[in-house]
Amino acid sequence: MTFSEALKHPENTPYDRLKALGITLPEAPPPIANFVTHVLEGKLLFLSGQGPNDSEGRAHTGKVGADVSVEAAYGHARLTGINLIAVMHAALGDLGRVRRVVKLLGMVNATPDFADHPAVINGCSDLFIEVFGENGIHARSAVGHGSLPGQITVEIEAIVAID
């Protein structure tokens, strides 16, 4: 489903859109250290950083710009977005409560000369727009890092306004 298709069907729920995309939400990934996956404060849901762990628990690792292509890292950011949505679902019980994805912070494990961080994090941004329609349009930062935990390719955190 493209951005324009998502906007043409605002009556579809996030679950309808996930199904149309062929996405089954995994269990929310557990935290990897001394923190929680989310904090609900008032009408804001703060999501801790998630990484590109697939349904078998395998984390995609590597350095973007060296042994990982932009296209592969885009897929990893999309997978990270699925994990973030799984945390939203676990935290809220109903993705219909998402009023707006407010902000993403996307971190890319990249070589010092890599310059296409936004193209990588678009994997998550595009997914959020496909799943939440206009409510998925968000502010965002996409930055490079010399390393990320476990050498994962991307880590993304989010702030979400809820009803």
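A residue counts as buried when its relative accessible area is under 20%. With that cut-off in hand, here are some close-up views of this predicted model.

**View A. Helix H4 is a mostly covered helix.** In H4, 12 of the 16 residues are buried. The 16 residues of H4 should span 22 Å at 1.5 Å a residue, and the end C-alpha atoms are 23 Å apart, so the two values agree. H4 also has a kink of about 35°, centred on glycine 123.

**View B. Phenylalanine 128 and phenylalanine 132 form an aromatic pair.** A search of the whole structure turns up 1 aromatic pair. The ring centres of phenylalanine 128 and phenylalanine 132 are 6.1 Å apart and the planes meet at 85°, so this pair is edge-to-face. Both residues belong to helix H4, where a spacing of 4 residues puts about one helical turn between them. Phenylalanine 128 and phenylalanine 132 are both buried. Beyond its neighbours within four places in sequence, phenylalanine 132 is in contact with Pro14, Arg17, Ile85, Met88, Leu95, Val98 and Val101.

**View C. The largest nonpolar core has 33 residues.** Within this core, Ile85, Met88, Phe128 and Phe132 touch the most other members. Strand E2 (44-50), helix H3 (70-92), strand E3 (98-109), helix H4 (117-132) and strand E5 (154-162) each bring at least two residues to it. Helix H3 gives the largest share, with 8 residues. As general background, nonpolar side chains tend to be buried together in soluble globular proteins.

**View D. Glutamine 50 is a buried residue of strand E2.** Its relative accessibility is 7%, so glutamine 50 falls in the buried class. Leaving out residues up to four places away in sequence, glutamine 50 touches Pro29, Thr37, Thr80, Asn83, Leu84, Val87, Val154, Glu155 and Ile156.

**View E. Strands E1 and E2 make a hairpin.** Strand E1 (residues 38-41) pairs with E2 in the antiparallel sense, over 4 bridges. One of the residues to look for is valine 39, whose bridge partner in E2 is phenylalanine 46. There are 2 residues between the strands, and glycine 42 in the turn has a positive phi of about 60°.

**View F. Leucine 25 sits in the loop between helix H2 (14-20) and strand E1.** Leucine 25 has a relative accessible area of 23%, so this residue is partly exposed. Although leucine 25 and asparagine 83 are 58 residues apart along the chain, their C-alpha atoms are separated by 7.6 Å. Setting aside neighbours within four places in sequence, leucine 25 is in contact with Leu18, Ile82, Ile85, Ala86, His89 and Leu95.

**View G. Glutamine 151 has a positive phi without being a glycine.** Glutamine 151 is found in the loop between strand E4 (139-145) and strand E5. Its phi is about 65°. For context, most residues other than glycine have a negative phi. With a relative accessible area of 38%, glutamine 151 is partly exposed.

Note on methods: Residues are numbered from 1 along each chain as its sequence is written. This is a predicted model: local features need pLDDT of at least 70, side-chain atom pairs count only at pLDDT 80 or more; totals for chains, interfaces and linings use all residues. Side-chain values use heavy atoms; hydrogens and water are left out. A nonpolar core is a set of buried Ala, Val, Leu, Ile, Met, Phe, Trp, Tyr and Cys residues joined through side-chain atoms within 4.5 Å. Buried means under 20% relative accessible area, exposed over 50%, partly exposed in between (1.4 Å probe, protein chains only). Contact means heavy atoms within 4.5 Å. Rings of Phe, Tyr and Trp (its six-membered ring) pair if their centres lie within 6.5 Å; planes under 30 degrees apart count as stacked, over 60 as edge-to-face and the rest as tilted. The expected span of a helix is 1.5 Å times one less than its number of residues. The bend at a residue is the angle between axes fitted to the seven residues ending there and the seven starting there. Two strands pair if DSSP finds at least two bridges between them.
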